[in-house]
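I am keeping these notes while going through the structure with the sequence alongside.

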Amino acid sequence: MSNLTLGNVLQVLANGIFNGTAYALIGVAFGLILSVSGRFHIAFAVTYTLAAYVAAAIGFFLHLPFWLALLGGALAASLAGVLMERLVYLPLSLRAVGAGSDPLLVMFVASLGLSVIGRNAIALSTLSASSVNIVGFDNRGLNVGPVTITTLNIALFVTAWVLILALAAVLNYTALGRMVRAVRANWEMSLCVGIDPTLIFVVVFAIGSFLGGVAGVFQATLTSATPDLGLPPLFYALVVAFVAGLNSSPIRVGLLGLGLGLVEALSSLVLRTEFTPLVTFAILFFYVALRPVKFDDLRRALGRRRTPAATG
Amino acid sequence: MENLQLTLSYVDQVLIFVCFALSLNLLQGYTGQVSVAHAAFGAVGGYTLGYLVLNAHMGALEAMVIGTAGAAVVGGVVAFPALRLTTEWLILLTLAVQTIILSLVTTVSVLGGTYGLQNISGLTIFGHELANPSDMFPFFAVITVLVYLVCWRLGESPFGRVLRAIRDDEIACRSLGKNVFRYKTMVFAATAGMAGLAGAMQVINISVASPPLFAFDQSSTMVAMVVVGGAGSLPGSIIGVMVLVLLGPLFERVLNFGADAAALWRLVAFGVVLIVVLMVRPAGIYPDKTTRRLGKELDRLKKGPQGPSEFVPHPDLEEMKVIEDQLGSDEKTTVLPRAVGIVEANGNGRAANGARGDVVLSVKGLSKRFGGITAAENLDMVLRRGMITALVGPNGAGKTTVFNLLTGAIRPDAGEVLLGGEDIVGLTPDQVAVRGMARSFQNVRVFPRMSALENVMLGVQHQPGESFVPLFANIPRTQKVEREVEERSREWLSFVGMTDFADYAAGALAFGQQKLVALARVLATEAEVLLLDEPASGIDFQWVNVMLGLIEQIREQGRTVCIVEHNLHVVERLADHTYFMELGRITAQGSFAELTTDKRLAEAYFGTA
């Protein structure tokens, strides 16, 4: 629990904005994959972590600058995502339809398998080291009035929002974006107008995994890379993507992520820090729990009670 | 001796996870409710036991009972928001529950924080100390057998039949008078309770209650065990657990990997097994009954020409067609030799209590708007005993909406619906069905992964085996009634000419056959009022005749029938009274002949002669 001084509150808000930016990026990435392909891709956590490890390896072995390591890591994540789609999800989705199973559940369980394989394969490949660091970023603190922010915070903020806005622009103003939106709306119908949804699935896995990979590299630069790096962000990505709405624009999803970061940060002013994840998941719980309540029906029911009095 | 203890420690692990997996299977495989919070329910049981033993110095058995009850209560509470959710939202909700419970046990200091509760030792059961794996084995074995029996009784019984119907089609299940919410709540509570029990076993096993024991990856492992073994198959769950738990000793003891590497390789292998099983055997290593039966049928079909898609009419149907041919097209009376006896044998007592033509259902001023669209406006109509009433009109007129309003699927904004004098507005579809009004659906809605016979058995009302207490308290009676229900259902299947297909998965039947199964199912409810939504649509001429003959037989027995139908020949043949609907309003009514001679309707809808 923090002291309620103006400086503290501003610092907490700044922290919330930067955490929220990370949530925004992963929420947009996860939401794009789920909403377009229908894959409940929890192995997103693996591609997130893989990017961090690849970036660390590029920095350590090739001594390349941070931004190239970031690019390399994100591209590796992108490739891994595409391979998962082509080698596992797509063949399974075709079989699931034939077997009469719930495709979403099949994808979820397959993704679980991929997560377990990925996480432990990464752990096996770095058995001697419990964590690895990403080198090459000159992270310095900057004092802006009473608030301290870091160059890493700024780099994340700018990169994330540029990517989110770029994705929004691609979706809204390009032919590819129209195709992605068509598949998201109705993939069977998109076939009828000459779009191959399986290719679009590859595209969203490539983009989504890339964006997730960028977030993973930044996170590992801040802390360090461990095989479990991706699990907590996965949960946040789920919350952001679902609460924002799966058919929402990246900007809306991003803003919701930012909002979540702020709410979580502000809650730390009144709660002990270890309770802040509880706030996020309590929000999720109540959001999901209250979602089926038909507010429209409730309003109507209340209105109906008034009707006889008015007419009678 | 050391080897024995080691072997038994693996066996104990298997038993614990069997309890987790069996209970999750009941929820996921039978009822179709995915949960990634099962380990968290285990945490409730495990931590409760640990806390009570350490702080209240309670005995292991009492603490276990309280832990189990606590987990059941938490499960019951979670069930409420889960009642109306689809798979993705259910995963999300249970993920939130999993995270919240784990965050709580990790942050609450009396529960030991990150390290959890340690040294929960010195436990005894009936004076028998639980110190070594060999001490725990008999105790765990007894619990596992009990959990298996409870799950088997719940799953492989009329109760379980309702659960599987919920999994296959919740709306159709409610239309047969089953209170889906009650079933879901009970199953959530019961399975969470059993998970709590397994969690308590887990804590007894290692004398520690710590967060990693009950983390998200444990929950997801349980989901995987159920899927690998076979969703809806209890023996499958045991196989799933054995495969995945015994990968540990395989790598550590047989392949002699180091402890750290073995743990990681085990998990990699676990993931690979999971994906391979999904690819090769999507229904699991040992699938549920219907899938196994269907598999056998498909194997048989590969060797011979006959199969569910190549329908050979039942002898009754052949016979009927011959009779129809003999009667000629002008003769509209159809005779089904066996059917009369069956309808008489099964006829609802209420149907006989009243004269033909008495008003059974009366609708006054029924209205419903969706935003700016009027789906039903001030509808007045009556359904009379022993008569067939038809609702006709162009697409979008609101005919199916009327069925939805009458059966409680949609709540009207205004108006009253009197069934046998009782206002049923505000009742749920299952309450309406129990009161004697059942419906069929335009798109059939059979339970695809259940046999045709099970589909029909679900229609039979007042089965003691569908309730929790008699299921365990009066086993002989539930079994006797179950035999009667099966016999009656076979008669209904025979009535619609589907006897030979009783054991086929309904989803594997041709569309016309599914319609007949759905008709047998709605007849089996023995409801006084039957609402049949386009009974003759989407099926070929032969089936139309069969269907119409059956509906006429139902009328002859004094049941009240209302049909929504586009096929005017069907309406002409069946309807005693016809309502014409346009844009949510009834704009004309009378006999079919009267409506077709109305100049405006003839031009606008029926077509001029």
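This is a predicted model: local features need pLDDT of at least 70, side-chain atom pairs count only at pLDDT 80 or more; totals for chains, interfaces and linings use all residues.

I took strands (E, at least two residues) and helices (H or I, at least four) as DSSP runs numbered from the N terminus. Two strands count as paired if DSSP finds at least two bridges between them.

I then checked one pair within the sheet. Strand β3 (residues 359-370) of chain B is joined to strand β6 (residues 414-419) of chain B by five bridges, in the antiparallel sense. Ser362(B) has Leu418(B) in β6(B) as its bridge partner.

Numbering and confidence, for the record: residues count from 1 along each chain as its sequence is written, while chains are lettered from A and ligands numbered from 1 in the order written. Local features need pLDDT of at least 70 and side-chain atom pairs count only at pLDDT 80 or more, whereas totals for chains, interfaces and linings use all residues.

Next entry: β5(B), buried or exposed? Five of the five residues of strand β5 (residues 388-392) of chain B are buried, so the strand is largely enclosed by the rest of the structure. A residue is buried with 20 or more other C-beta atoms within 10 Å of its own, exposed with 12 or fewer, and partly exposed in between; C-beta atoms are placed from the backbone. Ile388(B), Ala390(B) and Val392(B) point one way from β5(B), and Thr389(B) and Leu391(B) point the other way.

Which strands pair with β5(B)? Strand β10 (residues 560-564) of chain B runs parallel to β5(B) and is joined to it by four bridges, with Val561(B) opposite Ile388(B). Strand β11 (residues 577-582) of chain B also runs parallel to β5(B), over four bridges, and His577(B) in β11(B) is the bridge partner of Thr389(B).

For chain B as a whole, I noted 26 helices and twelve strands. Of its 609 residues, 52% count as buried.

I turned to the contact between the chains. Chain B gives 39 residues and chain A gives 43. On the side of chain B that touches chain A, α4(B) has the largest share, 13 residues. That side of chain B divides into 27 nonpolar, seven polar and five charged residues. Here Ala, Val, Leu, Ile, Met, Phe, Trp, Tyr, Cys and Pro count as nonpolar, Asp, Glu, Lys and Arg as charged, and the others, Gly among them, as polar.

Last, a hairpin in chain A. Strand β1 (residues 141-144) of chain A and strand β2 (residues 147-150) of chain A run antiparallel, joined by four bridges. Two residues lie between β1(A) and β2(A), and Gly145(A) in the turn has a positive phi of about 60°. Asn143(A) has Thr148(A) as its bridge partner in β2(A).

Key. Two residues are in contact if their C-beta atoms, placed from the backbone, lie within 7 Å.
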